[in-house]
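Try each task before reading its solution.

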Amino acid sequence: MNEQWLNLYRTEIEEFYKKTRAFAAGDLSRKDYKGASGGFGSYAQRDGTKHMLRLRLPGGRLTEPRLQFLARIAGKYDIAPLKLTTCETIQLHNLTPDLLPVLMEQAAYCDIITRGGGGDNPRNVMASPLTGVQTGEAFDVMPWAEAASNYLLSICRDIHMPRKLKVAFCNGVDDCVHATFRDMGFIAQADGTFRLYIAGGLGNNHRMGVLVEEHLPASDVLYAIRAMIDVFCAHGNYENRAKARTRYLQETLGAEELCRVYREALAARKAEGGLDLNLTPKAVTKTGEGTLEDVRVIAQKQPGLYAVAYHPIGGILPTGKPTELAALLREMPAAECRVAPHETIYIINLTADEARRILAATEDGAKTLFETSVACIGAAICQQGVRDSQAALQACVKAVREAGIPDGALPKVCISGCPSSCSGHQAGAIGFQGCVKPVPGGKPAPAFRMFLNGNDALGAEQFGEVMGFVYEDQLPALLVELGQAAAAAGQDWQSWHTTHGEELKTILAKYL
Ligand code: SF4
């Protein structure tokens with residue numbers, strides 16, 4: 001962002017800090033503070049005395065200066081937890097009010113802008129995490145994700161949308177960013193254009209997006225974004241926040257009319273001009289070397305270069321890990337960290353020897369597919385939460401380890417603490433959403449609503465089917481029994497659950 005924008009941002013941080021102090025002193029209500037803090041990527045946690053700050057990382061890029069910043073502040077202020085999120089950001093938790101402006105200010109010097117990271121703003125723009133290095137991709141979408149992010153930040157003070165707007169770029173092979181069901185999802189095509197889906201999203205009334213462009217020229221991406229914002233502002237619901245996200249436009253306008261008004265807005269913005277993009281992806285010039293095979297290693301499209309996947313359990317990055325990674329990466333030219341929506345960090349552009357060193361430094365992460373499961377921060381911290389999804393995941397991982405369930409017998413599961421779907425549970429092979437379950441003649445008990453057979457693979461997207469409610473304290477036992485059944489049949493989860501429908505039903509009936 002330019003210096004003028006940043007100077008104004010620094011003034012805004014001072015104003016925000018005044019509001020934070022007013023809230024801490026009890027002079028500002030929780031609701032009013034939430035309205036102000038969201039625009040700065042922050043919220044007061046459940047207990048009201050500690051705060052969260054969300055670091056926007058466009059395209060999930062944890063570049064060297066950003067990683068150095070994270071390493072420095074995590075160690076200096078002993079920040080925990082550091083939470084990787086499904087929007088490719090990192091949340092800093094349990095912050096004191098006085099630390100917020102300090103971190104915001106320092107972050108801005110390291111190319112991290114927290115402005116607009118929450119509230120009714122354009123959120124962190126996402127990109128397929130391995131774009132630029134992934135075999136089979138249509139093209140590297142990172143330059144477009146970063147240009148979109150800069151553009152949205154530049155206009156975020158001037159627009160007043162009914163709710164937030166999430167934008168994602170898929171490289172044509174890996175849609176873990178859920179481009180087909182975001183507010184706006186751009187999917188790279190082999191001919192250099194984008195397929196564009198709009199008005200999709202998870203949460204209540206989750207919807208697949210509407211295909212509005214088959215071949216959007218890459219130069220027109222900002223026009224498309226501006227047009228969608230125009231449509232959202234003109235037709236979105238400012239009266240009822242529960243129905244304000246773009247996906248409700250599918251109901252109020254209908255898919256056909258939605259496409260028509262979008263195209264009309266696009267034509268108007270194009271006639272106005274000034275938003276053409278002329279971008280060229282940056283080539284990786286590092287020379288590869290050596291060979292390496294490991295379940296956590298991905299061979300890049302650049303011969304002899306590798307990416308390493310590191311998934312801290314629950315997406316909780318140990319406080320000392322950024323320092324460790326920063327020290328290692330300093331000696332590895334062109335290496336970079338990418339935060340993925342499934343709460344994994346990829347370290348890319350490594351020779352085989354470098355990848356071995358990163359593997360050794362990240363051995364504390366997930367050891368099985370099940371341990372790569374996704375959980376939001378949950379109700380212990382999040383004000384909106386109904387269930388403590390982090391605690392639920394930790395209990396399940398412990399139980400599955402103790403039961404000796406082999407790798408592959410259980411899939412990656414997604415656990416959200418409430419219907420807001422921050423883990424993307426509707427798109428998980430198995431998903432859980434925090435809720436309560438009625439107890440005959442008694443008080444409703446803590447529970448999770450179970451979803452089965454969601455899929456976010458490009459071309460095979462589907463939302464999971466609701467199976468019923470499982471009591472919170474029975475969740476680990478349910479997963480253990482499912483894993484044991486698949487293991488006993490000598491199959492992985494995918495093949496077992498498609499071939500053992502009756503056995504699956506019998507197990508579920510015991511718990512749901
Ligand atoms: S799903 Fe609910 S509990 Fe979890 S982070 Fe989102 S809003 Fe909070």
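**Exercise 1.** In which loop is Glu88 found?

*Solution.* Before starting, note that this is a predicted model, in which local features need pLDDT of at least 70 and side-chain atom pairs count only at pLDDT 80 or more, while totals for chains, interfaces and linings use all residues. Residues are numbered from 1 along each chain as its sequence is written, and side-chain values use heavy atoms, with hydrogens and water left out.

Step 1: go to the loop between strand 4 and strand 5 (90-95), where Glu88 sits. Strands here are DSSP runs of E with at least two residues, helices are runs of H or I with at least four, and both are numbered from the N terminus.
Step 2: check the backbone; phi of Glu88 is near 60 degrees, a positive value in a residue other than glycine.

**Exercise 2.** Find the residue that a cis peptide bond joins to Pro81, and place Pro81 in the chain.

*Solution.* Step 1: the partner is Ala80, and omega is about -5 degrees.
Step 1: Pro81 belongs to the loop between helix 3 (64-76) and strand 4 (82-84).

**Exercise 3.** Work out how domain 2 and domain 3 meet.

*Solution.* Domain 2 covers 134-272 and domain 3 covers 297-361, as given by an automatic or database domain assignment.
Step 1: take the centres over C-alpha atoms; they are 30 Å apart.
Step 2: count contacts (heavy atoms within 4.5 Å). Here 6 residues of domain 2 touch 6 residues of domain 3.
Step 3: consider the area. The two domains bury about 460 Å² between them, 57% of it on carbon and sulfur atoms; buried area is the accessible area (1.4 Å probe) that two parts lose on being put together, summed over both. Of the area that domain 2 buries against domain 3, Thr135, Met142 and Cys176 supply 62%, more than any other three residues.
Step 4: look for charge pairing. The interface has 1 salt bridge, meaning a side-chain nitrogen of Lys or Arg within 4 Å of a carboxyl oxygen of Asp or Glu. Glu137 and Lys301 form a salt bridge through their side chains (2.6 Å, N to O).

**Exercise 4.** Which residue forms a salt bridge with Arg66?

*Solution.* Step 1: the partner is Asp111, with the closest N and O atoms 2.9 Å apart.
Step 1: locate both ends. Asp111 is in the loop between helix 4 (99-109) and strand 6 (126-127), whereas Arg66 is in helix 3, and the pair links distant parts of the chain, 45 residues apart.
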